[in-house]
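Here are a few notes to read alongside the structure.

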Amino acid sequence: MTFPLANRIALVTGASRGIGYATARALAKAGAHIVAVARTQGGLEELDDDIRKDGGSATLVPLNLTDVDGIARLGAALHERHGKLDILVGNAGVAGPSSPLGHIDMKPWNDVILVNVSANFQLIRCMEPLLKNSDAGRAVFITSGAANKASAYLGPYAASKAALEALARVWANETVSTRLRVNLFNPGPLRTRMRATVFPGEDPMTLDTPEQAAEFIVPMCLPSWNETGRFYDYQTRTLMSFRSPA
């Protein structure tokens, strides 16, 4: 068996369930040591058990990403322990309220922006030096079709994902001459707890699982992946380029 990510360090946020859990496990199976970040200690421990069963290894980091100083401390700890970071998967996110814009208070708006945008901005700030220390740093951010569909009643989530896409694209442009590669992954509808919360009437058994999608995230984390500033759409299995408005 080959391990294409052997001796590589992969940081995955939102790793206690859903896409983050599945991606962390898939990266570990490929040989990466996982730095698993999530709020839920129990979910992290379950992930650690599964990774160990698969023969892999993980470092568990119980951290709420609203703690931006905690993200900075994590960056410092990774520098001290490993001196580099090879893979960053920015997956953690919250759905926020499903309401008309005029009915949403500032606090739930700010909560969504803090987790979905500001925390990823802090990850970029704190992890960029470590990713540049890698011989092939790879960053993948999990986005959503809501970013461009602008569906009614999902305003905070849609706006936050549009902002995340802009952040990732800017970072890709800023690092294009380096060994770092930055891309976006849109999983579309999957059988996750967040999806069930937003669309409670949907039959989850009609949807793909996070494990199925994670198999397409792993290649974007390999040293052999050379694309940057691109967008992988899982539903159509298509790697896309962003285009300027006509």
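**Notes on the fold**

1. Strands β7 and β8 pair in the antiparallel sense over 4 bridges; strands and helices here are DSSP runs numbered from the N terminus (strands E, at least two residues; helices H or I, at least four), and two strands pair if DSSP finds at least two bridges between them. Arg-230 has Ser-241 of β8 as its bridge partner. The hairpin leaves 4 residues between β7 and β8, and Arg-237 in the turn has a positive phi of about 55°.

2. A word on the basis. This is a predicted model, in which local features need pLDDT of at least 70 and side-chain atom pairs count only at pLDDT 80 or more, while totals for chains, interfaces and linings use all residues. Residues are numbered from 1 along each chain as its sequence is written, and side-chain values use heavy atoms, leaving out hydrogens and water.

3. Now the whole sheet. It is open and mixed, with 8 strands in the order β3-β2-β1-β4-β5-β6-β7-β8. β3 (57–62) and β8 (238–241) are the edge strands, each pairing on one side only. Direction ignored, neighbouring strands are turned by 20° against each other on average.

4. At the β3 end, β2 (residues 33–38) pairs with β3 in the parallel sense over 6 bridges, and His-33 stands opposite Ser-57 in β3. Helix α2 (residues 41–53) packs on the sheet and touches β2 and β3; its direction makes about 175° with that of β3. Contact means heavy atoms within 4.5 Å, and angles run from 0 to 180 degrees between N-to-C directions, with axes fitted to C-alpha atoms, for helices over the stretch in contact.

5. Buried means under 20% relative accessible area, exposed over 50%, and partly exposed in between (1.4 Å probe, protein chains only). On its parallel side, β7 is joined by 3 bridges to β6 (residues 181–186), where Phe-185 has Tyr-232 as its bridge partner.

6. Which residues have the most contacts inside the largest nonpolar core? They are Leu-27, Ile-34 and Phe-185, in a core of 35 residues; such a core is a set of buried Ala, Val, Leu, Ile, Met, Phe, Trp, Tyr and Cys residues joined through side-chain atoms within 4.5 Å. Helix α1 gives the most, with 7 residues. Beyond four places in sequence, Ile-34 touches residues including Ala-10, Val-12, Leu-27 and Ile-51. A second, separate core of 30 residues includes Ile-9, Ala-119, Leu-130 and Val-182.

7. Two loop residues deserve a look. Ser-134, between α4 (106–133) and β5, counts as buried because its relative accessibility is 1%. Its side chain makes a polar contact of 3.2 Å with that of Arg-8; a polar contact is a pair of N or O atoms within 3.5 Å, where, within protein, one must be able to donate a hydrogen and the other to accept it, and residues adjacent in sequence count only if both atoms are side-chain atoms. Thr-143, in the loop between β5 and α5 (146–149), is buried too, at 2% relative accessible area.
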